[in-house]
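Please open the model in your viewer and keep the selection tool at hand. The tour below goes from one selection to the next and says what is there at each stop.

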Amino acid sequence: MEHIGFNKPYLTGKETEYIHQAVLSGKISGDGSFTKRCHRFFEERFGFKKCLLTTSCTDALEMAALLIDIKPGDEVIMPSYTFVSTSNAFALRGAKIVFCDSRKDHPGMDEDLIEPLITPRTKAIVPVHYAGIACDMDKIMALAAKYSLYVIEDAAQGIDSYYTGADGVKKPLGSLGHMAAFSFHETKNIMSGEGGMIVLNDERFFDRAEIIREKGTNRSRFFRGEVDKYGWVDIGSSFLPSDIIAAFLYAQLENLDDIQQKRRKIWDAYYEGLKHLEDKGIFKLPFVPAYASNNAHMFYLVCNNLAHRDETIRLLKENDINAVFHYLSLHKSPYYTPKYDGGELSETDRYSDCLVRLPMYYELDPTRVIDVLCKPR
Ligand SMILES: *Cc1c(COP(=O)(O)O)cnc(C)c1O
């Protein structure tokens, strides 16, 4: 029996060729020709106003926290059911993290629970598009406008996924908030091993984002010939990736449509093959709201309880299939529990206990996974 892992990074075939080209070009530090090609690709394909590759989504989020001047005492609202980087970026700047519960029908944050969490100290909302399924951004942007808050989309999983709001216009995730962070970690649809990107949708941040990303210097303007020397003009860090990473990423981007089509086919096969189990009340399958599209980043099942989840993982493991659970509630983490003063987040805890992710990668044939789950027990 062939082992089926949870993830297997897919190579399009051009990655090493482009890395070779980058090396031969003699410029392999940041912002070389492949980085520029990646920026152009994203700006043209998705209409993002300004894109800057970063070394990770974690770094893009940290840049976002710097850009909106998060200071000790500021409050930032986000789901508790997310990756630590979402909260770390703001905790690093001294913010108080205010955790919001998940939706009943989806692990994303419950948009209707955000408003009561807003205080005069709230500075930003960070919606996470879990599994690449959009949050209800109309609701979130309306709150942001009403209380003058920033919205930073954690679109780590959200590449090539869309949101259609009340205006009927289909907009890519990452284009909706003031800024957004994407990940190209090898577990994501499009990857470069480690990698990320910050998207800026508000022109007020363009200049400062370049400076923060280049160690607090105006080196980017210097290279464009806009200033005759560069120096230390702000705080910052080294957030830009080597052009070798960008070369790898560009090979993936050229195959975006093929990768997405293949992943959607696998996702649909899972859905069709497992739907009857949902109808019998055994599992819940992913829910995609009418305003969201599906980028097939993840296929998950929600079990009825923790024992049922453990049993499901064990059953798959016996058949040499690696299925994995996901986030542990951040408000109950060893780091944040002593600081947490909010209420119970029962939906977050339910997803922590009951959600299991099935193998999902380009080269997967999901037939055996489906068969194992459908075997009468
Ligand atoms: C993957 C992920 C991140 C972190 O991405 P890196 O590129 O590994 O830093 C952050 N948030 C979410 C929701 C993620 O899925």
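How many cavities of 30 Å³ or more does the structure hold? The structure holds 3 of them, where a cavity is, on a 1 Å grid over the protein atoms alone, a set of points where a 1.4 Å probe fits but cannot get out. Before you select anything, note that this is a predicted model, in which local features need pLDDT of at least 70 and side-chain atom pairs count only at pLDDT 80 or more, while totals for chains, interfaces and linings use all residues. Residues are numbered from 1 along each chain as its sequence is written, and side-chain values use heavy atoms, with hydrogens and water left out.

**The two domains**

Begin by colouring residues 15–253 and residues 257–374 separately, since the protein chain is divided into domain 1 (15–253) and domain 2 (257–374), with bounds that come from an automatic or database domain assignment. The centres of domain 1 and domain 2, taken over C-alpha atoms, are separated by 25 Å. The contact between them takes 40 residues from domain 1 and 35 residues from domain 2, where contact means heavy atoms within 4.5 Å.

**The largest cavity**

Next, select Lys8, Tyr10, Lys188, Asn189 and Arg263, which lie nearest the centre of the largest cavity among the 13 residues that line it; lining residues have an atom within 4 Å of a point. This cavity holds about 80 Å³ of space, a volume being the space filled by probe spheres set on the grid points, which are joined across faces, edges and corners. Its lining draws at least three residues from each of domain 1 and domain 2. By class, the lining has 6 nonpolar, 3 polar and 4 charged residues, where Ala, Val, Leu, Ile, Met, Phe, Trp, Tyr, Cys and Pro count as nonpolar, Asp, Glu, Lys and Arg as charged, and the others, Gly among them, as polar.

**The largest pocket**

Now select Phe83, His185, Thr187, Lys188 and Tyr327, which lie nearest the centre of the largest pocket, a space lined by 30 residues. A pocket is an open set of grid points with protein on both sides within 12 Å along at least five of seven lines. The largest pocket has a volume of about 490 Å³, and its lining divides into 11 nonpolar, 14 polar and 5 charged residues. Because domain 1 and domain 2 both give residues to this lining, the largest pocket lies between them.

Select residues 84–91, which form helix H4; helices (H or I, at least four residues) and strands (E, at least two) are DSSP runs, numbered from the N terminus. Ser85, Thr86, Ser87, Ala89 and Phe90 in H4 are buried, meaning under 20% relative accessible area, whereas exposed means over 50% and partly exposed lies in between (1.4 Å probe, protein chains only). What covers these buried residues includes helix H3 (57–67), strand S2 (75–79), strand S3 (96–100) and strand S5 (150–154). S2 and S3 pair in the parallel sense over 5 bridges, where two strands pair if DSSP finds at least two bridges between them. Along this pairing, Glu75 stands opposite Lys96 in S3.

**Strand S9**

Move on to residues 196–200, strand S9, of which 5 of 5 are buried. Gly196, Ile198 and Leu200 point one way from S9, while Met197 and Val199 point the other way. In a regular strand the side chains alternate between the two faces of the sheet. S9 pairs in the antiparallel sense over 5 bridges with S1, and strand S8 (residues 179–183) also pairs with S9 in the antiparallel sense over 5 bridges.

Finally, select Thr35 in helix H2, which counts as buried because its relative accessibility is 0%. Leaving aside neighbours within four places in sequence, Thr35 is in contact with Leu53, Arg213, Asp243 and Ala246. Then select Asp31, Lys36, Arg213, Ser220 and Arg224, which lie nearest the centre of the second largest pocket, lined by 19 residues. That lining divides into 4 nonpolar, 4 polar and 11 charged residues.
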